[in-house]
Amino acid sequence: MFEYLIGYDPNNGDLTPQLATSWSVEPDGMSLRFQLQEGAQFHNNNGEFGAQDVVYSLAQISAEDAEHSHSSRYQRVTLEVVNDHEIIFRLTKPQAELLQSISEQISALEIQSAADFEVLGEAPSASTRPLAGTGAYQYVEREQGQSILFERVPYEHWRYQPDFQELQFRWMNEASTRLAALLTEEIHLAGLPQDQ
């Protein structure tokens with residue numbers, strides 16, 4: 001559902017362009033300049049991705065009351081918006097792992113729609129819908145403690161077209177229930193202990 005500034009190639013571990021088309025270290029050695037993807041659309045007609053969405057997403061993670069596990073790392077970053085498709089991350093001290101932490105590899109900076117936040121009027125919670133992302137799947141619904149359902153976006157995604165129309169995650173505590181669901185083809189992938 002969400003994408004990141006930097007992608008991750010699981011075959012070789014390389015960091016790859018995603019919502020950032022390129023990045024470079026600034027001459028001060030403590031700042032990173034990002035060129036941003038043009039034309040990436042947010043779900044549910046929430047407009048095109050741009051610098052304001054990076055600013056919003058980083059602000060949520062770095063807020064004083066944020067419970068994000070990487071919050072303290074992002075509190076040492078300020079953003080400079082050069083234009084709608086170029087930003088600079090300015091660091092207060094060196095962070096060798098910053099590229100990995102904002103990438104899909106660590107998944108610590110999901111880009112969310114600032115415009116959708118204005119519509120929702122509050123930060124999402126476990127009982128409300130999540131903010132719009134730019135991924136190839138969009139949120140449909142969830143049942144607390146039961147499942148969450150996503151569907152393929154109804155337009156040509158800017159990066160790739162997924163194979164499946166829907167994708168549902170279900171929470172099944174018992175291994176025997178997961179095994180029965182696999183055997184009846186009610187589900188298609190599940191973790192099982194070796195004795196199952």
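Biologist: What pattern does the protein chain follow, read along the sequence?
Modeller: The pattern is β-β-β-β-α-α-β-β-α-α-β-β-β-α. That is 5 helices and 9 strands, where helices (H or I, at least four residues) and strands (E, at least two) are DSSP runs numbered from the N terminus. This is a predicted model: local features need pLDDT of at least 70 and side-chain atom pairs count only at pLDDT 80 or more, while totals for chains, interfaces and linings use all residues. Residues are numbered from 1 along each chain as its sequence is written, and side-chain values use heavy atoms, with hydrogens and water left out.

Biologist: How many residues does the protein chain have, and what share count as buried?
Modeller: The protein chain has 196 residues, and 38% of them count as buried. Buried means under 20% relative accessible area, exposed means over 50%, and partly exposed is in between (1.4 Å probe, protein chains only). The C-alpha atoms fill a box of roughly 60 × 35 × 35 Å, taken along the principal axes.

Biologist: Next, salt bridges. How many does the structure hold?
Modeller: The structure holds 7 salt bridges. A salt bridge is a side-chain nitrogen of Lys or Arg within 4 Å of a carboxyl oxygen of Asp or Glu. One of them joins the side chains of Glu3 and Arg159, at 2.8 Å from N to O.

Biologist: Where do Glu3 and Arg159 lie?
Modeller: Glu3 is in the segment before strand E1 (6-8) and Arg159 is in the loop between strand E8 (147-152) and E9, so this pair ties together parts that are 156 residues apart in sequence.

Biologist: Are those two buried or exposed?
Modeller: Glu3 counts as buried, because its relative accessibility is 1%. Arg159 is partly exposed, with a relative accessible area of 37%.

Biologist: Which residue forms a salt bridge with Arg129?
Modeller: That is Asp116, and their side chains meet at 2.8 Å, N to O. Arg129 sits in the loop between helix H4 (114-120) and strand E7 (137-143), and Asp116 sits in helix H4, so the pair ties together parts that are 13 residues apart in sequence. Asp116 is buried at 3% relative accessible area, while Arg129 is partly exposed at 30%.

Biologist: Which residues are linked in a network of salt bridges?
Modeller: Glu26, Arg33 and Glu86 are linked that way. Within that group, the closest N and O atoms of Arg33 and Glu26 are 2.9 Å apart. Glu26 counts as buried at 15% relative accessibility, and Arg33 is partly exposed at 21%.

Biologist: What counts as a pocket here?
Modeller: On a 1 Å grid over the protein atoms alone, a pocket is an open set of points with protein on both sides within 12 Å along at least five of seven lines; a cavity is a set of points where a 1.4 Å probe fits but cannot get out, and lining residues have an atom within 4 Å of a point. Grid points are joined across faces, edges and corners, and a volume is the space filled by probe spheres set on the points.

Biologist: Which element gives the largest share of the lining of the largest pocket?
Modeller: E9 does, with 5 residues. By class, that lining has 7 nonpolar, 2 polar and 4 charged residues. Ala, Val, Leu, Ile, Met, Phe, Trp, Tyr, Cys and Pro count as nonpolar, Asp, Glu, Lys and Arg as charged, and the others, Gly among them, as polar.

Biologist: And what lines the second largest pocket?
Modeller: There are 14 lining residues, and Gln60, Gln112, Ala123, Pro124 and Leu131 lie nearest its centre. Helix H1 (residues 51-62) gives the most to that lining, with 4 residues. The space in this pocket is about 360 Å³.

Biologist: Last one. Which loop holds Asn44?
Modeller: Asn44 is in the loop between strand E4 (31-36) and H1, and Asn45 lies in the loop between E4 and H1 too. Asn44 has a phi near 55°, a positive value in a residue other than glycine. Asn45 has a positive phi of about 60° although it is not a glycine. Asn44 is exposed at 52% relative accessible area, and Asn45 is exposed at 80%.
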